[in-house]
Amino acid sequence: MRIDVVTIFPGYFDALELSLMGKARDRGLIDLRVHDLRESANDKHRTVDDTPTGGGAGMVMKPEPWAQALDGILADSVGAEPGESDEPLIIFPSPAGEVFTQAMARELASEAHLVFGCGRYEGIDQRVFDEYGERGRVRLVSIGDYVLNGGEVASIAMIEAIGRLLPGVVGNPDSLVEESHEDGLLEYPSYTKPAEWRGRRVPDVLLSGNHAAINAWRHEQSLERTRRVRPDLLDD
Ligand SMILES: CN1CCCC[C@@H]1Cn1ccc2ccc(-c3n[nH]c(N)c3C#N)cc21
């Protein structure tokens, strides 16, 4: 999968050189390209923002630098493999977006080419979403009901959630099956050695070697935790 990111803070994405994402990039499973939006601003001061038309606090990101950056990426996008969508999907993190879920991560993991447009300030001029929404596929996506200062942290979260689902990225694909949200439930509690720690014992069933009983216990724990913490996940 090719992933392009447009941002005024490229350094945020150094985090994706670490751990599993870094290994996936080294192995060519993910082709991550980070673009500094300021390099698409043609004035002497590389201006990317201006005052909001109609008044109001803060600044809004100008449309033209975004168009320069996105047009460059789209022009460079190669055709997809058979069955993949030709057009890259452009994702703009936004508190006004559809909420990102594990189901969306699975859906986006089948894309050949994703582009993440990281806004800052009060956001990006609406006409960028309109322009690229008419020309191709655009989704505004939120990672949750709280306010961040920009789209970079949200993009990193989504890139990790999507990237880890790609074949070969996570060592044992079985570990992807019993995770929170993967089966619609929160995951069961985990334990390791020692069997007793500060007077707290690991549940006996986990020491029994009875895998049917262990699986049944773990499923019940997932159900109980989901009922207690996220009953909304059990609504049909
Ligand atoms: C604070 N400032 C004025 C109010 C509106 C937002 C703005 C900051 N900001 C600018 C671009 C941008 C993109 C995403 C997010 C964001 N916040 N919360 C989420 N779940 C997000 C996502 N995904 C925030 C952003």
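Trainee: Which residues is Phe 100 in contact with, leaving aside its neighbours within four places in sequence?

Mentor: This is a predicted model. In it, Phe 100 is in contact with Ala 105, Leu 108, Val 141, Ser 142, Ile 143, Met 158, Ala 161 and Ile 162, once neighbours within four places in sequence are set aside.

Trainee: And which residues have the most contacts inside the largest nonpolar core?

Mentor: They are Phe 100, Phe 116 and Ile 162, in a core of 31 residues. At least two residues of this core come from each of strands E1, E5 and E6 and helices H1, H3 and H5. H5 gives the largest share, six residues.

Trainee: Why would such residues gather?

Mentor: Nonpolar side chains tend to be buried together in soluble globular proteins.

Trainee: What does the second core include?

Mentor: That core is separate and has 18 residues, among them Leu 70, Phe 92, Ile 124 and Phe 129.

Trainee: A change of topic: Asp 4. Where does it lie?

Mentor: Asp 4 is in strand E1.

Trainee: Is Asp 4 buried or exposed?

Mentor: Asp 4 counts as buried because its relative accessibility is 0%, and the cut-off for buried is under 20%.

Trainee: Which side chains does the side chain of Asp 4 make a polar contact with?

Mentor: One is the side chain of His 35, at 2.6 Å. Another is the side chain of His 113, also at 2.6 Å.

Trainee: What else does Asp 4 touch?

Mentor: Not counting residues up to four places away in sequence, Asp 4 touches residues including Arg 33, Ile 73, Leu 114, Val 115 and Phe 116.

Methods. Residues are numbered from 1 along each chain as its sequence is written. This is a predicted model: local features need pLDDT of at least 70, side-chain atom pairs count only at pLDDT 80 or more; totals for chains, interfaces and linings use all residues. Side-chain values use heavy atoms; hydrogens and water are left out. A nonpolar core is a set of buried Ala, Val, Leu, Ile, Met, Phe, Trp, Tyr and Cys residues joined through side-chain atoms within 4.5 Å. Buried means under 20% relative accessible area, exposed over 50%, partly exposed in between (1.4 Å probe, protein chains only). Helices (H or I, at least four residues) and strands (E, at least two) are DSSP runs, numbered from the N terminus. Contact means heavy atoms within 4.5 Å. A polar contact is a pair of N or O atoms within 3.5 Å; within protein, one must be able to donate a hydrogen and the other to accept it, and residues adjacent in sequence count only if both atoms are side-chain atoms.
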